[in-house]
Amino acid sequence: MHIGIFADIEGSFGIWRMRQCRMGTPEWQYGRYCLTEDVNHVIQGAFDGGADTVTVKDTHELGFNCLPRKLDKRARYVGGHYTTPSLFGKISDYDLVLYVAIHAASGTENAFFPHTHYGIFSEIKVNNTPACEMDIYAAYLGEFDIPVGFVSGEDIAVRQALDALPWAKSVVVDKRRDAYTNGEKSIRYLAEGRKQLRQTTARAVKDASQMKPLIINGPIVFEAEFRSKKLATRFNTWHFHQTENLVTWEAKNMIEGFEMLNKLTFIPKKVYPFRRPLAFAIRNFFRIKTAYFAPDPNSEDAALP
Ligand SMILES: [Zn+2]
């Protein structure tokens with residue numbers, strides 16, 4: 001059984017503020033350490049549950065957040081974004097995906113760093129319903145016959161994800177500063193939380209046969225509300241239907257719809273013919289930059305085990 005561990009970062013144990021998720025900052029170096037710890041426990045959980053092969057797909061920002069040298073060596077690591085065969089690279093041979101460190105949807109009140117897909121959107125609706133990332137990503141994976149069987153993150157993010165994936169197992173992660181800056185108490189909370197990551201993902205993998213690929217029957221209508229009309233106009237180089245700051249399109253399924261979302265978000269029309277060499281160059285540039293030219297970590301007041 002091949003398990004894909006997809007890693008975002010906002011919902012990691014140990015992370016309580018935005019700067020810890022912002023690529024390039026010393027606080028992010030600390031955030032990378034937190035995420036890597038979480039992912040290592042999920043790798044262990046996957047093997048405990050019966051995985052033969054584990055691949056970690058790093059997804060946040062440019063996709064180089066885990067510290068590859070500190071990752072469990074039994075797992076393969078895939079950093080950066082791809083254009084083919086999918087944004088996530090080669091995914092077709094995964095049997096189950098475990099999604100670590102997720103966050104709430106755009107527009108969610110009192111949530112930690114809420115956004116859907118990218119910060120330029122104030123809301124994304126799928127078939128007239130506000131969507132969180134799992135509504136989109138899990139439905140995309142679903143069309144490759146891959147279920148998402150686990151999520152971890154802040155309570156509201158987990159609730160939104162479980163609305164879409166009622167079969168999935170989950171671990172809730174505290175996002176309050178106090179949880180991580182309280183000496184021995186924080187160290188115990190981190191250890192207990194990560195033990196839960198390990199045990200819960202082991203159960204998810206054992207129960208893989210009960211997990212369902214999420215399928216949204218087409219046609220699928222997307223409504224992407226940008227934070228401003230100016231942003232919408234700048235990004236809508238593909239001339240999808242636009243009214244003020246709202247860009248809409250219809251797709252026959254999620255694979256097509258998600259590709260259109262990625263064109264709108266990341267690939268201006270002029271750049272499209274060069275997308276493959278460009279993605280290749282960006283991946284390699286940031287692979288080297290994040291591995292060899294990263295600042296020293298600033299863990300601020302965090303209690304470190
Ligand atoms: Zn993220």
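Two strands pair if DSSP finds at least two bridges between them; helices (H or I, at least four residues) and strands (E, at least two) are DSSP runs, numbered from the N terminus. The model is predicted, so that local features need pLDDT of at least 70 and side-chain atom pairs count only at pLDDT 80 or more, while totals for chains, interfaces and linings use all residues. Residues are numbered from 1 along each chain as its sequence is written, and side-chain values use heavy atoms, with hydrogens and water left out.

**View A. Strands β7 and β8 pair in the parallel sense.** Four bridges join β7 (residues 148-153) to β8. Ser152 stands opposite Val171 in β8.

**View B. Six strands form an open sheet.** The order is β3-β2-β1-β4-β7-β8, with parallel pairing. At the edges lie β3 (76-78) and β8 (169-172), each pairing on one side only. From one strand to the next, the twist averages 15 degrees (axes are lines fitted to C-alpha atoms, for helices over the stretch in contact, and angles run from 0 to 180 degrees between N-to-C directions).

**View D. Asn40 is found in helix α1.** Asn40 counts as buried because its relative accessibility is 17% (buried means under 20% relative accessible area, exposed over 50%, partly exposed in between, with a 1.4 Å probe and protein chains only). Not counting residues up to four places away in sequence, Asn40 touches Lys70, Leu71 and Asp72.

Note on methods
Contact means heavy atoms within 4.5 Å.
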